[in-house]
Amino acid sequence: MGWVPGALRHRRLRLLLAGRALGDLGSEMLPVVMVGLVLVEHGPLLLGLVLGVRGATGSLFVLLTGALLTRVRKSTALAFNDAVQAVVMTGFALGPDTAWWLLALAALSGVSGSVAEPAAGSMMPLIVPTERLREANALRNVVGRATGITGPALAGVLVVALDVRAVFWLIAALFMVCAGVLSLIREVPPTDEWTTETMGASLRAGWGEVVRRPWVLAIIVVATVQARPPWPPGSCCCRSWSPTPTPHPSTGRHCRAWPPGNWRAASWPPGGNPPDRGWSP
C-alpha cells in the first residue's frame, strides 16, 4: 500500500489524528450552535461577547498553559482539555439561559482550549521519528482544515434538524470520545530537568523567548484582537436614539431604536417594510 503515508504506520500518530479530528470537529461546530442558543434569546451583542470571551481567553492563556505542559504528558493535557470541553458542552445543554452562565462557560472553554494546539504540536516529535515529522505535521494540518470545513456545515444541518441543546449533547459526546482516544497515547514523559523547574521559572523562560521573538507576541496580539465579538450578517445596531428608520452605513439595511433603557432594533432591506417581529433588545 504505497499510497498510504509512511507516518500513518505509527499507532500513536493514528490515535492523535483520530482524536484531534473529533475534538476539532466539535470546536468548529460550537460557534454555529452558539448562534442557535444565544442569538434568538439574547441578541447579537451577547453572542459576540460569548464568542469573543472564548477566543480572547484562549489566546491570553497560551503562555501559562505552555508552562504547564512542561510538567505533564502532552497526551494527558489533551485528554484533560477534551474532558473539560465535554463538561462545558453539558453546561450549555443543561444550564440556565443567563448571560453570566454563558460567559463563564465560554471563558472556561477558552482557557482549557488554549492547551490544545501547543500540546498537539509539541507532542509530534515524541510520537513519530524525525524523518517522518514533516509528513506527520502535514497530515495534522489536513485533518484540521477538513474539520474547519465540515464542522460548521454539519452544525448548521443539525441545528435545523434538532433542538439546539441536543446538538450540544452531540458535541459533548465527540469531546468525550476524543478524550478516550487520546488517553491511549503514551509518549515520553517530561524529563526531570523540566519537572523540577518552578512554575515561575517556566513562565519567565517562556516570556523571555517571546521578548526575543517579537513576532510571537504579534501573533498572540493579533489572535486576541481577531476574537472580537462578531455580528451576524445583515444585522445592525443603533447606538443613538432614532425614532425613524436609519440606513446602516455599510449594509444599506435600516434599523430603528428607542431611548436607552428600553430600546429595540431590527433590520430590513432598503425600500422594504419593517418586520412585525424579530426586534431584539
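Leu46, Leu49, Val50, Val53, Arg54, Thr57 and Gly58 in helix H2 meet Ala99, Leu102, Leu103, Ala106, Ala107, Ser109, Gly110 and Val111 in helix H5; contact means heavy atoms within 4.5 Å. The residues of this contact divide into 10 nonpolar, four polar and one charged. In that count, Ala, Val, Leu, Ile, Met, Phe, Trp, Tyr, Cys and Pro are nonpolar, Asp, Glu, Lys and Arg are charged, and the others, Gly among them, are polar.

A word on the source. This is a predicted model, in which local features need pLDDT of at least 70 and side-chain atom pairs count only at pLDDT 80 or more, while totals for chains, interfaces and linings use all residues. Residues are numbered from 1 along each chain as its sequence is written, and side-chain values use heavy atoms, with hydrogens and water left out.

How do H2 and H5 cross? The axes of H2 (residues 44–60) and H5 (residues 99–113) come within 7 Å and cross at roughly 25 degrees. H2 is therefore roughly parallel to H5, a term for angles under 35 degrees. Axes are lines fitted to C-alpha atoms, for helices over the stretch in contact, and angles run from 0 to 180 degrees between N-to-C directions. Helices themselves are DSSP runs (H or I, at least four residues), numbered from the N terminus.

Let us turn to helix H8. Spanning residues 164–182, H8 has 19 residues and reaches 27 Å from its first C-alpha to its last, close to the 27 Å expected at 1.5 Å a residue; the expected span is 1.5 Å times one less than the number of residues. Buried residues of H8 include Val164, Phe168, Phe175 and Leu182. Buried means under 20% relative accessible area, exposed over 50%, and partly exposed in between, with a 1.4 Å probe and protein chains only. The buried residues of H8 pack against helix H1 (11–42), helix H4 (74–94) and helix H7 (133–161).

Not counting residues up to four places away in sequence, tryptophan 169 touches Thr90, Ala93 and Leu94.

Leaving aside neighbours within four places in sequence, aspartate 82 is in contact with Arg20, Gly23, Phe175, Cys178, Ala179 and Leu182. Lysine 74, also in H4, counts as buried at 14% relative accessibility.

How values were computed. Helix = DSSP H or I, 4+ residues; strand = E, 2+ residues; numbered from the N terminus. Parallel < 35°, antiparallel > 145°, perpendicular 65-115°, else oblique.
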